[in-house]
Amino acid sequence: MHAVDLIRKKRDGEELTRQEIQFLAHGAATETIPEEQLAAWLMAAFLRGLSLTEVDALTTAMKLSGEVFDPSSLGRFAVDKHSTGGVGDKTSFLIAPIAAAAGLVVPMISGRALGHTGGTLDKLESIPGYRTQLSLKEMEQVLSKVGASIVGQTKNLVPADRVLYALRDRTSTVESPYLICASIMSKKLAAGLNGLVLDVKTGSGAFLRRKKDALFLAALMVETGERAGTSTAALLTNMNQPLGRMAGNWIEVQESLDLLTGKRHPLNEDLRELSLLLAGWMIYLGGASDTAETGRDRAEEILDSGRALEILTEMVKLHGGNTSIFEEPEKFHSPAFRKDFLADRSGYLAQVDCTQVGWAVQRLGAGRERAGEPVSAHAGLEMHVKLGHKIVAGEPLCTLFSDNDSRFLESETLLRQALLIADEPTPAEPLIQEIITAENKKEYLESAHRP
Ligand code: URA
């Protein structure tokens with residue numbers, strides 16, 4: 001087989017066979033196909049799209065390009081949640097221990113900050129001592145003790161994605177629903193999941209801003225998960241403003257601990273509800289409730305009982321993290337500088353460019369400019385208002401935190417453009433916009449946008 005023939009075939013809009021796709025994925029993982037040929041094939045796939053069979057073949061071949069985790073010896077339903085990336089999205093810290101408390105195991109392989117979005121691993125590493133790089137064997141031990149383990153990708157997990165993702169980043173081929181689907185699903189399916197709940201973001205803070213694009217990606221991922229024998233559901237959720245109050249690293253863990261200890265706040269009811277709904281779907285897919293709705297109620301009972309807090313605390317200890325800071329989380333938050341960002345007029349918070357808010361958070365030091373750079377544990381921002389809130393000129397819209405006060409100016413400029421105050425409020429949009437399941441995915445695949 002020759003890569004040049006497979007590039008020509010895709011360039012001309014033909015469907016590749018499973019063997020041909022396997023050849024490409026293997027060649028990427030082993031670096032035996034040169035980058036220029038992989039890049040040309042990726043661009044052909046970006047422009048022509050892939051058939052459902054091709055997406056399935058690519059996902060499977062990428063998954064099998066490295067080591068895979070087998071949770072079957074744990075004897076419990078293995079389930080995970082994956083978000084396509086957001087701002088202030090910290091649901092994992094609530095969801096993983098809730099699902100574990102419901103009798104499921106959650107081998108959660110998470111990522112780092114990417115573009116304007118935060119990364120679960122960076123947030124967890126703000127806890128002194130927390131090790132995100134466990135071997136699969138070590139992850140299995142944590143899972144057998146507490147039922148949840150949040151780790152980073154090992155070097156040998158889906159090596160084909162490491163190569164292809166880096167090439168996509170450099171060749172403007174990231175935003176293809178087919179390639180995003182294969183990239184995300186290969187990593188999730190390599191964790192040996194029985195069930196998967198996808199939180200597909202839509203709106204101003206999402207990678208795919210347009211609802212029709214997000215809907216198509218969601219349906220594609222449900223189709224791919226189901227074909228691989230993993231019960232999969234996707235919730236299309238609103239990312240038109242940061243989720244909850246906090247966006248950054250430690251402050252997101254702190255906000256999660258507030259909810260785990262029963263401290264509620266009107267500005268993070270959205271975070272609490274989304275976490276319960278996603279956990280409810282995991283519980284339902286795992287057979288621990290009859291419906292997703294009763295799963296949500298079970299999730300709430302677990303959260304209110306304090307059991308999820310116990311499990312998260314145990315999990316962090318087993319990962320080497322110092323949980324004494326959980327006693328008084330707000331005391332651990334010690335940025336060198338704080339600054340209020342004030343409203344320059346009265347009115348209503350009418351629109352938020354949530355991607356710009358995400359960049360403001362990253363520029364405060366919560367994210368990195370280049371791969372491998374360290375991030376600040378204490379950088380970030382606290383929102384004091386939500387969409388639709390009435391605002392009086394001079395009141396703080398948010399408070400910024402950084403270890404370096406020269407970082408404030410750029411973030412303030414971004415926020416000035418991102419937060420629009422108008423005379424009239426805009427109607428609120430629902431948190432959950434659609435739910436895509438094995439039963440209704442076909443209708444979304446057919447009616448949704450295909451490039
Ligand atoms: N996250 C991934 O892991 N892959 C993509 O292609 C996009 C987001």
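A: Gladly. Let's begin with burial: a residue is called buried under 20% relative accessible area, exposed over 50%, and partly exposed in between, using a 1.4 Å probe and protein chains only. Aspartate 80, with a relative accessible area of 1%, is therefore buried. Before we go on, note that this is a predicted model, where local features need pLDDT of at least 70, side-chain atom pairs count only at pLDDT 80 or more, and totals for chains, interfaces and linings use all residues. Residues are numbered from 1 along each chain as its sequence is written, and side-chain values use heavy atoms, with hydrogens and water left out.

Q: Where does aspartate 80 lie, and which side chain does its own side chain contact?
A: Helices (H or I, at least four residues) and strands (E, at least two) are DSSP runs, numbered from the N terminus. Aspartate 80 belongs to strand β1, residues 79-83. A polar contact is a pair of N or O atoms within 3.5 Å; within protein, one must be able to donate a hydrogen and the other to accept it, and residues adjacent in sequence count only if both atoms are side-chain atoms. Here the partner of aspartate 80 is the side chain of lysine 188, at 2.7 Å.

Q: Which residues are around the ligand?
A: The rule for "near" is that a residue has a heavy atom within 4 Å of the molecule or strand in question. Around the ligand we find Tyr165, Arg168, Ile180, Ser183, Ile184 and Lys187. Helices α8 (159-171) and α9 (177-189) each supply at least two residues of this shell, and α9 gives the largest share, with 4 residues.

Q: How do the shell residues divide by type?
A: Ala, Val, Leu, Ile, Met, Phe, Trp, Tyr, Cys and Pro count as nonpolar, Asp, Glu, Lys and Arg as charged, and the others, Gly among them, as polar. The shell around the ligand has 3 nonpolar, 1 polar and 2 charged residues.

Q: What distances separate polar side-chain atoms from the ligand in the case of arginine 168, serine 183 and lysine 187?
A: For arginine 168, a polar side-chain atom is 2.9 Å from a ligand oxygen atom. In serine 183, a side-chain N or O atom lies 2.6 Å from a nitrogen atom of the ligand. Lysine 187 has a polar side-chain atom 2.5 Å from a ligand oxygen atom. As for cover, the ligand taken alone exposes 230 Å², and the protein buries 85% of that.

Q: How do I read aromatic pairs?
A: A pair of aromatic rings is described by the distance of the centres and the angle of the planes. Rings of Phe, Tyr and Trp (its six-membered ring) pair if their centres lie within 6.5 Å; planes under 30 degrees apart are stacked, over 60 edge-to-face, and the rest tilted. This rule gives 4 aromatic pairs. In one of them, tryptophan 250 and phenylalanine 326 have ring centres 6.5 Å apart and planes at 35°, so the pair is tilted. It links distant parts of the chain, 76 residues apart: tryptophan 250 is in helix α11 (residues 250-260), and phenylalanine 326 is in the loop between α14 (307-318) and α15 (329-332).

Q: What about tryptophan 281 and tyrosine 284?
A: Their ring centres are 5.6 Å apart and their planes stand at 80°, so this pair is edge-to-face. Both residues lie in helix α12 (residues 269-285), 3 residues apart, about one turn of the helix. Tryptophan 281 is buried at 12% relative accessible area, whereas tyrosine 284, at 33%, counts as partly exposed.

Q: How does the span of helix α16 read?
A: The expected span of a helix is 1.5 Å times one less than its number of residues. Helix α16 (residues 354-366) has 13 residues, but its end C-alpha atoms are only 16 Å apart, short of the 18 Å that a straight helix would reach. In α16, 11 of the 13 residues are buried.

Q: Is glutamate 31 buried or exposed?
A: Glutamate 31 is exposed, with a relative accessible area of 62%. Glutamate 31 sits in the loop between α2 (18-29) and α3 (35-48), and has a positive phi of about 55° although it is not a glycine.

Conventions: Areas by Shrake-Rupley, 256 points an atom, 1.4 Å probe, with all protein chains shown as cover.
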